[in-house]
Amino acid sequence: MNKKLVAALSGGAALVLALTGCGGGGDDSKKKLDDWAKNVCDQMQPQVKKIQEANSSIANVQNEEDSKKIQQTDSTAFQANADAYKALATSVDRAGAPPVKDGETSQKNAVKALNDLSTAYTGLKKRMDALDTKDKAKFAEGLKGIAGDIGKLSSRSDEALKKLQSGDVGKAMAKQPGCQKSSVSPTPTKK
């Protein structure tokens, strides 16, 4: 019942990993850019972990038959995601623009995308809370709609985040321990 939701959430997790696990090493040693990347990455790691833990909790109830338990778990996870994306937006905003060409535009777009994700997860939480857990068919239909919306919001935000972590910014972020893919594990996906 919850499998489509898990699949959609894994797309969101991939988006966060793309932002935090940016590309290859490179030997760009611009102090300002490295300092910017360190500042952003140090603040990102705990939020990425929260997002992955929330998505993992959803994956853990994907075969659950108790609609109420699914609702409670998913609702809590959506709130955790909303809070984490809001904190990520704040971190990127406070860090200022990365010192590269079009850095200010990339930063503003990334902040907007992260805030949009936060708002969207708040909306998903409200929709999840409103689902009728007594009617399994209606509940399943509601879950299906929520899963579809998660997929849409992930792709909407993808472009701005890719732009933030491209080129020299991505290389600088990839060098930071807080932004290395090995520091976080991806959301398990079961089909």
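The mean pLDDT of this protein, a predicted model, is 78, and 73% of its residues reach 70 or more. Among the elements, helix 3 has the highest mean pLDDT, at 93, while helix 1 has the lowest, at 51. The pLDDT also falls below 50 over residues 20–29 and stays under 50 over residues 182–191.

The table lists these regions.

| Region | Residues | pLDDT | Source of value |
|---|---|---|---|
| Helix 1 | residues 3–20 | 51 | mean |
| Helix 3 | residues 67–95 | 93 | mean |
| Stretch | residues 20–29 | below 50 | over the stretch |
| Stretch | residues 182–191 | under 50 | over the stretch |

Both stretches still have contacts in the model. Beyond near neighbours in sequence, residues 20–29 have 27 contacts. For residues 182–191, the model has 22 contacts beyond four places in sequence. Where pLDDT is low, the predicted coordinates should not be read in detail.

As for the fold, the protein contains six helices and zero strands. Along the sequence this gives the pattern α-α-α-α-α-α. Of the contacts between residues at least 6 apart in sequence, 84% join residues at least 24 apart.

Of the 191 residues, 46% are buried. The accessible surface of the protein comes to about 9200 Å², and carbon and sulfur atoms account for 50% of that surface.

Asp 102 lies between helix 3 and helix 4 (103–130). Its phi is positive, about 60 degrees, although Asp 102 is not a glycine. Most residues other than glycine have a negative phi.

Definitions and conventions:
Residues are numbered from 1 along each chain as its sequence is written. This is a predicted model: local features need pLDDT of at least 70, side-chain atom pairs count only at pLDDT 80 or more; totals for chains, interfaces and linings use all residues. Side-chain values use heavy atoms; hydrogens and water are left out. pLDDT is the predictor's confidence in each residue, from 0 to 100. Helices (H or I, at least four residues) and strands (E, at least two) are DSSP runs, numbered from the N terminus. Contact means heavy atoms within 4.5 Å. Buried means under 20% relative accessible area, exposed over 50%, partly exposed in between (1.4 Å probe, protein chains only). Accessible areas come from the Shrake-Rupley method with a 1.4 Å probe; for residues, only the protein chains shown count as cover.
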